[in-house]
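Subject: Structure handover

Hello,

Here is the structure I promised to pass on. Please open it alongside this email.

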Amino acid sequence: MRGRLSIRLGAIFGLIVFFSLAFSYLYQGRQLRELFVSRVRADLQRELRLNSGMLDDRPADWSDTARSDQWADRVGAALDLRVTLIDLDGQVIGDSYVPAGRLAFLKNHSARTEVRDALSKGFGETIRSSETVREEMLYLAVPVGSPKRWGVLRFAKPLQDIRMLEAEVRNGVVGGLLWALLISLAAGMLSAYLLSRPLERITEAADRFLHGETEARVQVRRRDEIGRLSMAFNYMADEIVRMNRQEEWLREVLSSIREAIIVTNAEGQIVLVNPAASRLFTIDGALNRAVPVKQIADKAMRGLLERVQAGGERLFREELTAMTSKGERVLTVSAVAVMQAERFDGTVFVINDITRLRKLERMRRDFVSSVSHELRTPLASIRGYAETLLEGAMNDPDNAVSFLRIILQESQQLTALVNDVLDLSKIESGRIVYDFAPLDLKAHIVKSVAMFDQVASRKGVRIELAIPEGLPPVMADAGYVDIVIRNLVDNAVKYVGEKGGMVRIRAFAMSDAVSIEVEDNGMGIPQEDLDRIFERFYRVDKARSRQLGGTGLGLSIVKHIVLAHKGDIRVRSRVNSGSVFTVTLPVAPCPPTGSPR
Ligand SMILES: Nc1ncnc2c1ncn2[C@@H]1O[C@H](COP(=O)(O)OP(=O)(O)OP(=O)(O)O)[C@@H](O)[C@H]1O
Ligand SMILES: [Mg+2]
């Protein structure tokens, strides 16, 4: 780039200098020639007048042309000229170019223009081709003899001589011109280089800046125009960096906002979305240009945007259900107009996803109604039997005892229910602080299962434990793991058949977790209920479960606890052949030091 610019500038400078020199050369060439001719003419004239003055009297011995020719030869040789002497009749009596012997054969010269003019006007001059020597010559002639004229003296110079002289001078000038051209080209390139180098430095810095080197700046060396250009470049680069930083900061702020934000312009086109909005409505987040609202697939949401745009209204937490990338969601939309210099310049929409909130609210409502429903049955039964007793059954001791037993059983059921509800609400509220610590599962399981020995033997159910030695400790809260195991074993014992009932508890280590399996050969769970048994109050056979003292809360408590331990719970079951519940708990991380030796 620099090369091209400096060569171009250099060539332009060189050509300007060259053409001005060449022009002056051509112009001066003609003047030079005229100068030459006039100088030669003036010299000739002077010589002519000098020599003619010496011939005022015709030398007495010149009756013989040999003498006069000798004089002409001598003067011609001395002055390097052709010297001719002509008498008044036009007869040549001496000529430096013609030997004396041949003079007599020369034509009469009286008709020659210069001779005629010399005789008539006192001076004759002409340029023509010589008949005698066949060469273009400059002739000057004056009359000689004073007071009495006796002839004409003529000097002639071949123009060839003048031209040769002129050519010599011209050659010198051409050489000079060539030098001048070379020097001017070099000077042109040098100055162009000096001029283009700082420009080149600015271009280079701009190039680097464009390619991501944001610290590229130009060193300011002078205070001239280029220096000012450099300062302007540096200032602009600083500004761009600052603006980029600010934009990045704004983008980060927008990204960290969990609410979806959509900004539209005055025409109602989307000009900005934050990552949350981009994800929710699958709009390309890198908006390089405004996109139409129809990019939003959901009709209700689009309608709302268009309505606000058309009416310029403010929205505060308007609720709507919209189809989003996460499925159907309940959203609240707030909208504020952006005003710039009191002119409407678009709208900012803030969208909140309140689906979870609504779901929780619904769950809480359902929960309250389920609990009241669950409370109603035992309470009604207690009240019924109490009334019956009061109405006289009290006096029949057999009935009275069995009624009182039922009342006791129902009140136990109530206690269990209230305890489970309290446990669950505590666990679900997230307020529990788990006390996680490495836990030896084997000892723990053995202890928990032992509590069921009595119940199981009464029912004729065999409990088998198959837990290997050396299980890695799991990271768990002992108290809550206890609840998990007790619930699963309780279910197994509860829902297993009366005869031949068998419950097997196994554990085994996996790569970074330990699995505990509680298997029974009981009634099993139908496929369609498998997903739901972890829901609150869900029981496959309500009547039977109730009869067995179940509330339907056990498994939802278990699931909460296991998930809080970053574990997992799964169930496999076949109706009439049994169920297997598998709980997986993560292994406690190895202590960094003190490995056993
Ligand atoms: N081992 C099992 N075999 C067959 N069905 C089971 C088994 N475990 C659970 N279920 C079914 O899942 C339902 C929900 O179990 P869950 O433990 O949550 O409640 P529950 O045992 O009825 O009452 P709770 O445990 O609160 O006393 C049970 O009512 C039962 O229908
Ligand atoms: Mg249970």
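Predicted model: local features only at pLDDT ≥ 70, side-chain atom pairs only at ≥ 80, totals over all residues.

**Helices α8 and α9**

Four residues of α8 are buried: V371, E374, P378 and Y385. These buried residues pack against α9. Just after α8 comes G392, with a positive phi of about 130°.

Helix α9 takes in residues 397-429.

**Helices α12 and α14**

Two packed helices are described by the angle between their axes and the distance between the axes. Now the pair itself. Helix α12 is residues 478-494, and helix α14 is residues 554-564. Their axes come within 9 Å and cross at roughly 145°. The crossing of α12 and α14 is left-handed.

Which residues meet there? From α12 they are Y480, I483, V484, N487, L488, D490 and N491. From α14 they are G554, L555, I557, V558, I561 and V562. By class, this contact has nine nonpolar, three polar and one charged residues.

**Around ligand 1**

Ligand 1 is surrounded by 23 residues. The closest are R539, V540, G550, G554 and L555. G554 and L555 also belong to the α14 side of the contact with α12. Both helices take part in the shell: α12 and α14 each supply at least two residues. α12 gives the most, with three residues. By class, the shell divides into nine nonpolar, ten polar and four charged residues.

**F537**

F537 sits in the loop between β15 (513-520) and α13 (542-547). Is F537 buried or exposed? It counts as buried, because it has 20 C-beta neighbours inside 10 Å. Residues up to four places away in sequence aside, F537 touches S370, E374, G552 and L553. E374 is one of the buried residues of α8. F537 and L422 are 115 residues apart along the chain, and their C-alpha atoms are separated by 14 Å.

**Backbone points in two loops**

Next, the loop between β9 (327-340) and β10 (343-353), where A341 is found. E342 is found in this loop as well. Phi of A341 is near 50°, a positive value in a residue other than glycine. E342 is not a glycine either, and its phi is positive, about 60°. Where do their side chains stand, buried or exposed? A341 is exposed, because 5 other C-beta atoms lie within 10 Å. E342 counts as exposed because it has 6 C-beta neighbours inside 10 Å.

The other loop runs between β4 (136-144) and β5 (151-158), and P147 lies in it. A cis peptide bond joins S146 and P147. Omega is about 0° there.

**I127**

Last, strand β3, residues 124-129, where I127 is found. I127 has 13 C-beta neighbours inside 10 Å, so it counts as partly exposed. Its contacts, leaving aside neighbours within four places in sequence, are E136, L138 and L159. P158 is 31 residues away from I127 along the chain. The C-alpha atoms of I127 and P158 are separated by 9.4 Å.

**Where to look**

For a quick tour, begin with the buried residues of α8 packing against α9. Then turn to the left-handed crossing of α12 and α14. Go on to the shell of 23 residues around ligand 1. Finish at the cis peptide bond between S146 and P147.

Best wishes

Key. Residues numbered from 1 in each chain as written. Chains lettered and ligands numbered in written order. Axes fitted to C-alpha atoms, helices over the stretch in contact; angles between N-to-C directions. Left-handed = near helix turned anticlockwise from the far one by under 90°. Contact = placed C-beta atoms within 7 Å. Nonpolar A, V, L, I, M, F, W, Y, C, P; charged D, E, K, R; others polar. Expected span 1.5 Å × (residues − 1). Near = placed C-beta within 6 Å. Buried ≥ 20, exposed ≤ 12 C-beta atoms within 10 Å, placed from the backbone.
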